[in-house]
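Hi,

Here is the structure I promised to pass on.

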Amino acid sequence: FIFNLYIMKYLGQDGVAALTIVFYAEFLLVAIHLGYSSGVAPLISYNYGSKEHDKLKKIYKISMVFIGIISVILFILSIVLAKPITQVFTPKYSVVYNIAVEGFYLYSLCYLLKGFNIFASSLFTAFSNGKVSAFLSLMRTLVFIVLCVFVLTNLFEVTGLWISIPVAEVLAIILSVIYM
């Protein structure tokens, strides 16, 4: 809602359409992080409960490497595929296309950190610490985003809107590291 208000303010309906394209693509690109984090959570939970600390550390290290590699791949894919993905939804070189592609490039920075933040929330759920998991998730998906949208659009207008989620992911990873 907030994104739509701000993009409407700066770019009108074409901006809203472009934003929708980028957000639809995000659902596809982030699915691997969500799937991995959900899939590995029972392994973490089991080993945590059975006090298998060595196995837990190994799963954690493997997860960090996997998420890191996938994050870089998703970032690269989001840059390389920005134009083809956008063309699925709107004609090449239309106003919406140009806005979406430019936004895609800026927004794609979030893919470098998003997986780690998703995993951190899932990790605390696996540790039966729903309060920390919920707090991290709330801060990442609502508080930091809203804060970044308000601050960054006042400083950088449309560019601030596109980078608000990557910056919110940076804030969230700092918080996640503190809790870890």
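The lining of the largest pocket draws at least two residues from each of α1, α5 (114-126), α6 (130-156) and α7 (158-179). Helices here are DSSP runs of H or I with at least four residues, numbered from the N terminus. A pocket is an open set of points on a 1 Å grid over the protein atoms alone, where a 1.4 Å probe fits and protein lies on both sides within 12 Å along at least five of seven lines; lining residues have an atom within 4 Å of a point. α1 gives the largest share of that lining, eight residues. There are 16 lining residues in total, and E26, F27, Y107, K114 and R140 sit nearest the centre. By class they split into ten nonpolar, two polar and four charged (Ala, Val, Leu, Ile, Met, Phe, Trp, Tyr, Cys and Pro are nonpolar; Asp, Glu, Lys and Arg charged; the others, Gly among them, polar). The space inside is about 320 Å³, taken as what probe spheres set on the points fill, with points joined across faces, edges and corners.

Before the rest, a word on the source: this is a predicted model, with local features needing pLDDT of at least 70 and side-chain atom pairs pLDDT 80 or more, while totals for chains, interfaces and linings use all residues. Residues are numbered from 1 along each chain as its sequence is written, and side-chain values use heavy atoms, leaving out hydrogens and water.

Now the aromatics. Searching the whole structure turns up twelve aromatic pairs (Phe, Tyr or Trp rings, the six-membered one for Trp, with centres within 6.5 Å; planes under 30 degrees apart are stacked, over 60 edge-to-face, the rest tilted). Y24 and F89 make a tilted pair, because their planes are at 40°, with the centres 6.1 Å apart. This pair bridges distant parts of the chain, 65 residues apart: Y24 belongs to helix α1 (residues 2-49) and F89 to helix α3 (residues 82-89). Y24 is partly exposed at 44% relative accessible area, and F89 is partly exposed at 44% (buried is under 20%, exposed over 50%, partly exposed in between, with a 1.4 Å probe and protein chains only).

F124 and F127 pair edge-to-face, 6.3 Å centre to centre with 90° between the planes. F124 is buried at 8%, whereas F127 is partly exposed at 21%. Ring pairs also join F124 and F127 with Y48, F135 and Y179 in a cluster.

Finally, H33 in helix α1 is buried, at 3%. Beyond neighbours within four places in sequence, H33 contacts I67, I70, S71, L74, Y111, G115 and I118 (heavy atoms within 4.5 Å).

Cheers
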